[in-house]
Amino acid sequence: QLAVKDVTGSSDPYCTLSVTGQTTPPLRTHIVYRNLDPTWDEEFFIALPEVLPAELQVSVYDWDRIGHDDPMGVVKIRLSDLTDEIFRDKWYPLVPIKRERVTGDLRLKIQFTSALNTQKSYRVAKAHFAEFIDLFVNRNECAMVICLLRQVDNQEITRAVTSIFQAENAIIPLLKQCYLREIMQTHSETTIFRGDSSATRITVSYFKIIQDKSSWMNETLQPIINKIMEKPKGYEVDPLRLSDPSHNADDYHASQLVDNQNRVADFAQLFIDTILNSVANFPESIRIVLVLLRKMVCAQFPESGLTAVGGILFLRYICPAIFTPERFELSSTIPNAEARRALTLITKIIQNLVNRVEFGAKEQYMLPFNHIIINNQARMSDFLDKVSTPSSSSSPYSHYSNRAGINRDDIIFNVSVVIKSLLKNFEQFQNYVRSDKAVVSDHKTAENVNISLA
């Protein structure tokens, strides 16, 4: 077990990976909150220079809301010991980074691969690439990949699958089949595309890939997030939290509460205005997906097209980006507690606006923000309608995938990720394929929602 670093008797550990002499920021895992025996289950590839660096360093830190993150130990591995290219699965003892108290070991799976072997692997993968793509992408209406995504809830797998289908100009057929299965298995239109499913995961993964090539998300959200993080104080609107002993009791009075409410309301309205006024710059690739989604949902649930669009676009993409900007590359640093609280409150307001639900007795401290929800409902509906309607300047499905800039080596790597997952989960995957085929073949409403893309 790792050392306790927080007053709660636990820690919030994450890892960084770097090599000696590295000038770029270290690679980093996600944070595992309140856990002394964490599992990250992440895979990284580090390209090394011809002159081999001395060490690989894997450092563990405890994330803190306020102040600097606390070191929890480091593993240092001489790279010269790895050049035999043997796969290693080993526990390494943590040693102090500075003089901190250290406990625990770190399990690492490591393999050094020379450029020669990389080229050999590439030639083998390339030789069988067409066969794999035909099996994985072109046959059985994407059934194989959809079953894999439902069996393996893993961001790396989702992104790999998305990248493969984008590279093969097949992302819309994949999304169509994902949406078809989701709609067929949804019994109440109020829950359509509201949960964490293969359909929502693959959609958001595609949006993130588009984000790397489009400036819309950065131009729309990042400036406002930066303003909040530059002055991360004065956002608490819950009187119970303001009167908490951890706050300065002398600072608490009614005027402070009103000031905080106004500050949160102003930033929430700024987010809403900026987003709703961005239709002209809205990414065409995302619009095409939303057009498809709306048509397919309306074929089965005629009154729920915009609800589904709002659920995917805001609840699964825009709101998470506001709440956790560091995960969407909108911030290079993790927001501190005050800034995170501001982003949390703003996200709540926008979520309720999209859901067309006013705050009630459950969260009475949010009642002062109901006017934002009421005043912006018509504008939000108009925005959702416009971004899910084909633009007049282009054919709706003529360019649903942008293959420019896709590196062949990246595609080969993504294929290897998928193959590895298929082998690892083969038995569960095989059983799920059978059940999925039964669901698709037996469902009577398939013809209603399996609409043409034309």
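Predicted model: local features only at pLDDT ≥ 70, side-chain atom pairs only at ≥ 80, totals over all residues.
Local features require pLDDT of at least 70, side-chain atom pairs count only at pLDDT 80 or more, and totals for chains, interfaces and linings use all residues. Residues are numbered from 1 along each chain as its sequence is written, and side-chain values use heavy atoms, with hydrogens and water left out.

Helices and strands are DSSP runs (H or I, at least four residues, for helices; E, at least two, for strands), numbered from the N terminus. Helix 3 covers residues 155-167. Its 13 residues should span 18 Å at 1.5 Å a residue, and its end C-alpha atoms are 18 Å apart, which agrees. The expected span is 1.5 Å times one less than the number of residues. Helix 3 is mostly covered, with ten of its 13 residues buried. Buried means under 20% relative accessible area, exposed means over 50%, and partly exposed lies in between (1.4 Å probe, protein chains only). Among the buried residues of helix 3 are Ile157, Val161, Ile164 and Phe165. Asn169 follows helix 3 and has a positive phi, near 60°.

Helix 11 comprises 19 residues, 337-355. From first C-alpha to last it reaches 27 Å, close to the 27 Å expected at 1.5 Å a residue. Helix 11 is also mostly covered. Of its 19 residues, 14 are buried. Asn336 caps the N-terminal end, with a side-chain oxygen 3.2 Å from the backbone nitrogen of Glu338. Just after the helix, Arg356 takes a positive phi of about 60°.

Rings of Phe, Tyr and Trp (its six-membered ring) pair if their centres lie within 6.5 Å; planes under 30 degrees apart count as stacked, over 60 as edge-to-face and the rest as tilted. Phe282 and Phe383 form an edge-to-face pair, 6.1 Å centre to centre with 85° between the planes. Phe282 lies in the loop between helix 8 (254-276) and helix 9 (284-300), and Phe383 in helix 12 (residues 370-387), so the pair ties together parts 101 residues apart in sequence. Phe282 is buried, at 4% relative accessible area. Phe383 is buried too, at 1%. Ring pairs link Trp216, Phe282, Phe314 and Phe383 into a cluster.

Two charged side chains sit over rings. The criterion is NZ of Lys or CZ of Arg within 6 Å of the ring centre and within 35 degrees of the ring normal. The charged end of Lys208 sits over Phe328, 4.4 Å from the ring centre. That of Arg340 sits over Phe323, 5.6 Å from the ring centre.

The search of the whole structure also finds nine salt bridges. Each is a side-chain nitrogen of Lys or Arg within 4 Å of a carboxyl oxygen of Asp or Glu. Arg341 pairs with Glu236, the closest N and O atoms being 2.9 Å apart. This pair links distant parts of the chain: Arg341 is in helix 11 and Glu236 in the loop between helix 6 (216-230) and helix 7 (239-242), 105 residues apart. Arg341 is buried at 12% relative accessibility, and Glu236 is buried at 7%.

Asp89 forms a salt bridge with Arg107, with closest N and O atoms 2.8 Å apart. Here Asp89 belongs to strand 5 (residues 88-93) and Arg107 to strand 6 (residues 105-110), 18 residues apart. Asp89 is partly exposed at 39%, and Arg107 is partly exposed at 45%. Arg78 bridges to Asp81, with closest N and O atoms 3.1 Å apart. Asp81 is partly exposed, at 37% relative accessibility.

Key:
Polar contact = N/O pair within 3.5 Å; in protein donor to acceptor, adjacent residues only side chain to side chain.
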